[in-house]
Amino acid sequence: MIKNIFNGVSGYISYRGGASHWTFVMHRVSGLGTLLFLSMHILLESTAHFAPHYYDRLNAGLRNPFALVAEILLAFFVIFHGVNGFRIAYIDLFRKDLWSLPSGPKTAKATWIISFILWIPALIIMLLHSLKLI
Amino acid sequence: MRLSAILLVPLVWIHAILNTLIAGPENINLNYVAMRWSSIGWRIYSTLLLAFAFSHGITGFRQILFDFATNSTTRRILNLFLFFFWIVLSLVGATGIISGVGK
(Lines give C-alpha, C1' and ligand atoms only; values in the text may rest on other atoms or scores of the structure.)
Protein backbone atom coordinates (compact mmCIF):
# COMPACT_ATOMS: atom_id res chain seq x y z
CA MET A 1 0.00 0.00 0.00
CA ILE A 2 2.87 2.37 0.84
CA LYS A 3 4.36 1.65 -2.59
CA ASN A 4 0.96 2.30 -4.20
CA ILE A 5 0.63 5.62 -2.38
CA PHE A 6 4.14 6.64 -3.44
CA ASN A 7 3.48 5.70 -7.08
CA GLY A 8 0.04 7.29 -7.01
CA VAL A 9 1.13 10.60 -5.54
CA SER A 10 4.18 10.89 -7.79
CA GLY A 11 1.84 10.12 -10.70
CA TYR A 12 -0.54 12.88 -9.56
CA ILE A 13 2.35 15.35 -9.70
CA SER A 14 4.13 14.18 -12.85
CA TYR A 15 1.14 13.34 -15.07
CA ARG A 16 0.81 16.05 -17.68
CA GLY A 17 -2.95 16.06 -18.10
CA GLY A 18 -3.41 19.82 -17.98
CA ALA A 19 -6.43 21.54 -16.47
CA SER A 20 -8.59 18.39 -16.34
CA HIS A 21 -5.93 16.54 -14.34
CA TRP A 22 -5.40 19.39 -11.89
CA THR A 23 -9.15 19.69 -11.24
CA PHE A 24 -9.18 15.94 -10.49
CA VAL A 25 -6.26 16.32 -8.04
CA MET A 26 -7.82 19.41 -6.47
CA HIS A 27 -11.18 17.64 -6.12
CA ARG A 28 -9.46 14.94 -4.04
CA VAL A 29 -7.31 17.35 -2.02
CA SER A 30 -10.28 19.62 -1.29
CA GLY A 31 -12.46 16.65 -0.35
CA LEU A 32 -9.87 15.27 2.07
CA GLY A 33 -9.20 18.70 3.57
CA THR A 34 -12.91 19.30 4.07
CA LEU A 35 -13.37 15.87 5.67
CA LEU A 36 -10.53 16.62 8.09
CA PHE A 37 -12.17 19.94 8.99
CA LEU A 38 -15.63 18.36 9.24
CA SER A 39 -14.41 15.69 11.69
CA MET A 40 -12.93 18.36 13.97
CA HIS A 41 -15.98 20.59 13.47
CA ILE A 42 -18.38 17.82 14.60
CA LEU A 43 -16.29 17.18 17.73
CA LEU A 44 -15.93 20.89 18.51
CA GLU A 45 -19.62 21.73 18.04
CA SER A 46 -20.68 18.68 20.05
CA THR A 47 -18.92 20.21 23.08
CA ALA A 48 -21.86 22.67 23.17
CA HIS A 49 -23.82 19.69 24.47
CA PHE A 50 -21.19 17.51 26.15
CA ALA A 51 -18.93 20.17 27.71
CA PRO A 52 -20.69 23.56 27.43
CA HIS A 53 -18.24 25.29 29.78
CA TYR A 54 -15.41 24.65 27.34
CA TYR A 55 -17.28 25.69 24.19
CA ASP A 56 -16.54 29.43 24.29
CA ARG A 57 -12.94 28.85 25.35
CA LEU A 58 -12.34 26.39 22.50
CA ASN A 59 -13.92 28.81 20.01
CA ALA A 60 -11.81 31.71 21.27
CA GLY A 61 -8.74 29.50 20.91
CA LEU A 62 -9.52 29.22 17.20
CA ARG A 63 -9.40 32.98 16.62
CA ASN A 64 -5.78 33.20 15.53
CA PRO A 65 -4.05 34.00 12.21
CA PHE A 66 -3.19 30.36 11.47
CA ALA A 67 -6.83 29.30 11.87
CA LEU A 68 -7.94 32.27 9.74
CA VAL A 69 -5.68 31.18 6.87
CA ALA A 70 -6.96 27.61 7.26
CA GLU A 71 -10.58 28.84 7.20
CA ILE A 72 -10.01 30.94 4.08
CA LEU A 73 -8.37 27.94 2.39
CA LEU A 74 -11.29 25.77 3.53
CA ALA A 75 -13.69 28.25 1.92
CA PHE A 76 -11.89 27.76 -1.40
CA PHE A 77 -11.92 23.97 -0.94
CA VAL A 78 -15.67 23.90 -0.29
CA ILE A 79 -16.48 26.25 -3.18
CA PHE A 80 -14.20 24.38 -5.59
CA HIS A 81 -15.49 20.95 -4.56
CA GLY A 82 -19.08 22.12 -5.04
CA VAL A 83 -18.51 23.78 -8.41
CA ASN A 84 -16.44 20.89 -9.76
CA GLY A 85 -18.86 18.32 -8.36
CA PHE A 86 -21.69 20.13 -10.11
CA ARG A 87 -19.69 20.12 -13.36
CA ILE A 88 -19.00 16.39 -13.08
CA ALA A 89 -22.63 15.50 -12.25
CA TYR A 90 -24.06 17.75 -14.98
CA ILE A 91 -21.74 16.54 -17.76
CA ASP A 92 -22.02 12.90 -16.74
CA LEU A 93 -25.82 12.99 -16.58
CA PHE A 94 -26.78 15.28 -19.44
CA ARG A 95 -23.86 16.20 -21.71
CA LYS A 96 -21.45 13.26 -21.98
CA ASP A 97 -20.07 14.76 -25.21
CA LEU A 98 -18.46 17.55 -23.17
CA TRP A 99 -15.95 15.10 -21.64
CA SER A 100 -14.05 14.83 -24.91
CA LEU A 101 -11.49 17.26 -26.34
CA PRO A 102 -11.48 20.21 -26.55
CA SER A 103 -14.45 20.95 -24.26
CA GLY A 104 -13.22 18.80 -21.31
CA PRO A 105 -10.25 21.01 -20.36
CA LYS A 106 -12.34 24.11 -21.14
CA THR A 107 -14.99 23.20 -18.56
CA ALA A 108 -12.15 22.34 -16.13
CA LYS A 109 -10.66 25.80 -16.57
CA ALA A 110 -14.11 27.33 -16.15
CA THR A 111 -14.38 25.49 -12.80
CA TRP A 112 -11.22 27.23 -11.54
CA ILE A 113 -12.39 30.64 -12.77
CA ILE A 114 -15.91 30.31 -11.28
CA SER A 115 -14.44 29.07 -7.99
CA PHE A 116 -12.08 32.05 -7.74
CA ILE A 117 -14.89 34.48 -8.57
CA LEU A 118 -17.06 33.01 -5.82
CA TRP A 119 -14.13 32.76 -3.37
CA ILE A 120 -12.89 36.37 -3.54
CA PRO A 121 -15.97 37.95 -1.88
CA ALA A 122 -15.87 35.24 0.81
CA LEU A 123 -12.17 35.99 1.35
CA ILE A 124 -12.84 39.72 1.74
CA ILE A 125 -15.76 39.22 4.14
CA MET A 126 -13.74 36.76 6.25
CA LEU A 127 -10.82 39.20 6.47
CA LEU A 128 -13.16 42.07 7.41
CA HIS A 129 -14.74 39.90 10.13
CA SER A 130 -11.35 38.98 11.53
CA LEU A 131 -10.34 42.67 11.65
CA LYS A 132 -13.69 43.43 13.35
CA LEU A 133 -14.59 45.88 10.56
CA ILE A 134 -18.06 44.35 10.03
CA MET B 1 -22.75 10.19 -3.72
CA ARG B 2 -24.55 12.15 -6.39
CA LEU B 3 -27.77 12.54 -4.40
CA SER B 4 -25.89 13.81 -1.36
CA ALA B 5 -23.70 15.97 -3.60
CA ILE B 6 -26.68 17.77 -5.15
CA LEU B 7 -28.25 18.33 -1.71
CA LEU B 8 -24.94 19.39 -0.14
CA VAL B 9 -24.28 22.34 -2.44
CA PRO B 10 -27.23 24.37 -1.05
CA LEU B 11 -27.02 22.85 2.46
CA VAL B 12 -23.31 23.55 3.02
CA TRP B 13 -23.21 26.88 1.24
CA ILE B 14 -26.20 28.31 3.14
CA HIS B 15 -24.71 26.99 6.41
CA ALA B 16 -21.33 28.61 5.67
CA ILE B 17 -22.76 31.90 4.36
CA LEU B 18 -25.06 32.27 7.36
CA ASN B 19 -22.59 31.39 10.12
CA THR B 20 -19.23 32.46 8.74
CA LEU B 21 -20.06 35.39 6.46
CA ILE B 22 -23.20 36.91 8.02
CA ALA B 23 -22.88 36.05 11.73
CA GLY B 24 -19.07 35.95 11.75
CA PRO B 25 -16.92 33.45 13.65
CA GLU B 26 -16.03 35.93 16.42
CA ASN B 27 -19.74 36.29 17.27
CA ILE B 28 -20.35 32.56 17.60
CA ASN B 29 -20.62 31.48 21.22
CA LEU B 30 -22.74 29.20 23.36
CA ASN B 31 -25.65 31.67 23.33
CA TYR B 32 -25.59 31.80 19.54
CA VAL B 33 -25.68 27.99 19.35
CA ALA B 34 -28.51 27.90 21.90
CA MET B 35 -30.44 30.49 19.86
CA ARG B 36 -29.98 28.54 16.61
CA TRP B 37 -30.85 25.21 18.21
CA SER B 38 -34.01 26.64 19.82
CA SER B 39 -35.62 26.34 16.40
CA ILE B 40 -36.70 22.87 15.32
CA GLY B 41 -36.19 23.82 11.68
CA TRP B 42 -32.50 24.56 12.16
CA ARG B 43 -32.11 21.36 14.16
CA ILE B 44 -33.55 19.34 11.29
CA TYR B 45 -31.32 21.31 8.90
CA SER B 46 -28.21 20.61 10.97
CA THR B 47 -29.05 16.93 11.33
CA LEU B 48 -29.53 16.57 7.56
CA LEU B 49 -26.29 18.45 6.95
CA LEU B 50 -24.39 16.23 9.38
CA ALA B 51 -25.82 13.02 7.92
CA PHE B 52 -25.25 13.89 4.26
CA ALA B 53 -21.93 15.72 4.59
CA PHE B 54 -20.20 13.19 6.80
CA SER B 55 -21.43 10.15 4.82
CA HIS B 56 -20.38 11.87 1.60
CA GLY B 57 -16.94 12.60 3.05
CA ILE B 58 -16.41 9.07 4.36
CA THR B 59 -17.53 7.51 1.06
CA GLY B 60 -15.16 9.78 -0.86
CA PHE B 61 -12.29 9.00 1.50
CA ARG B 62 -13.03 5.29 1.06
CA GLN B 63 -12.90 5.70 -2.71
CA ILE B 64 -9.49 7.39 -2.50
CA LEU B 65 -8.15 4.76 -0.07
CA PHE B 66 -9.34 1.91 -2.30
CA ASP B 67 -7.39 3.41 -5.21
CA PHE B 68 -4.25 2.70 -3.20
CA ALA B 69 -5.27 -0.28 -1.04
CA THR B 70 -5.85 -3.11 -3.49
CA ASN B 71 -5.33 -6.03 -1.09
CA SER B 72 -8.67 -7.49 0.12
CA THR B 73 -7.53 -7.84 3.76
CA THR B 74 -6.36 -4.23 3.85
CA ARG B 75 -9.66 -3.17 2.34
CA ARG B 76 -11.61 -5.09 4.97
CA ILE B 77 -9.63 -3.43 7.78
CA LEU B 78 -10.13 0.00 6.21
CA ASN B 79 -13.88 -0.65 5.81
CA LEU B 80 -14.15 -1.58 9.47
CA PHE B 81 -12.14 1.44 10.58
CA LEU B 82 -14.14 3.84 8.37
CA PHE B 83 -17.45 2.36 9.51
CA PHE B 84 -16.61 2.91 13.19
CA PHE B 85 -15.24 6.38 12.52
CA TRP B 86 -18.44 7.24 10.63
CA ILE B 87 -20.88 5.77 13.16
CA VAL B 88 -19.12 7.22 16.24
CA LEU B 89 -18.78 10.79 14.92
CA SER B 90 -22.32 10.73 13.44
CA LEU B 91 -23.76 9.64 16.78
CA VAL B 92 -21.70 12.19 18.74
CA GLY B 93 -22.81 14.99 16.40
CA ALA B 94 -26.46 13.91 16.24
CA THR B 95 -26.65 13.58 20.03
CA GLY B 96 -25.35 17.14 20.36
CA ILE B 97 -27.79 18.60 17.83
CA ILE B 98 -30.86 16.68 19.01
CA SER B 99 -30.38 17.12 22.76
CA GLY B 100 -29.24 20.75 22.44
CA VAL B 101 -26.91 22.90 24.50
CA GLY B 102 -25.91 21.26 27.78
CA LYS B 103 -25.86 22.74 31.29
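How much area do chain B and chain A bury between them, and what share of it lies on carbon and sulfur atoms? In this predicted model, for which local features need pLDDT of at least 70, side-chain atom pairs count only at pLDDT 80 or more, and totals for chains, interfaces and linings use all residues, the two chains bury about 3,200 Å² between them, with 72% of it on carbon and sulfur atoms; buried area here is the accessible area (1.4 Å probe) that two parts lose on being put together, summed over both. Residues are numbered from 1 along each chain as its sequence is written, chains are lettered from A and ligands numbered from 1 in the order in which they are written, and side-chain values use heavy atoms, with hydrogens and water left out.

The secondary structure of chain A comes to 5 helices and 0 strands, where helices (H or I, at least four residues) and strands (E, at least two) are DSSP runs numbered from the N terminus. Chain A has a radius of gyration of 19 Å, whereas a compact globule of 134 residues would have one near 14 Å; the radius is taken over C-alpha atoms, and the globule rule is 2.2 Å times the number of residues to the power 0.38. Taken along the principal axes, the C-alpha atoms of chain A fill a box of roughly 55 × 40 × 25 Å. Chain B, in turn, has 4 helices and 0 strands, and its pattern along the sequence reads α-α-α-α. The radius of gyration of chain B is 16 Å, well over the 13 Å that the globule rule gives for 103 residues, so chain B is more spread out than a compact globule. The C-alpha trace of chain B spans about 50 × 30 × 25 Å along its principal axes.

At the interface, 44 residues of chain B are in contact with 41 residues of chain A, contact being defined as heavy atoms within 4.5 Å. Between the two chains there are 11 residue pairs in polar contact, both residues at pLDDT 80 or more; such a contact is a pair of N or O atoms within 3.5 Å, of which, within protein, one must be able to donate a hydrogen and the other to accept it, and residues adjacent in sequence count only if both atoms are side-chain atoms. The elements that give two or more residues to the side of chain B that touches chain A are helices H1 (2-23), H2 (30-37), H3 (40-68) and H4 (72-99) of chain B, and H3(B) gives the most, with 12 residues. By class, this side of chain B has 25 nonpolar, 15 polar and 4 charged residues, where Ala, Val, Leu, Ile, Met, Phe, Trp, Tyr, Cys and Pro count as nonpolar, Asp, Glu, Lys and Arg as charged, and the others, Gly among them, as polar.

The structure holds 4 salt bridges over all chains, and 2 salt bridges are found across the interface of chain B and chain A, each requiring a side-chain nitrogen of Lys or Arg within 4 Å of a carboxyl oxygen of Asp or Glu. In one salt bridge, the side chains of Asp67(B) and Arg28(A) meet at 2.8 Å, N to O. Asp67(B) lies in helix H3 of chain B and Arg28(A) in helix H2 (residues 18-50) of chain A, so the pair joins two chains.

The axes of helix H5 (residues 103-130) of chain A and H1(B) come within 9 Å and cross at roughly 35°; axes are lines fitted to C-alpha atoms, for helices over the stretch in contact, and angles run from 0 to 180 degrees between N-to-C directions. In this pairing, Leu118(A), Ala122(A), Ile125(A), Met126(A) and His129(A) of H5(A) meet Trp13(B), Thr20(B), Leu21(B), Ile22(B) and Ala23(B) of H1(B), a contact with 8 nonpolar, 2 polar and no charged residues.
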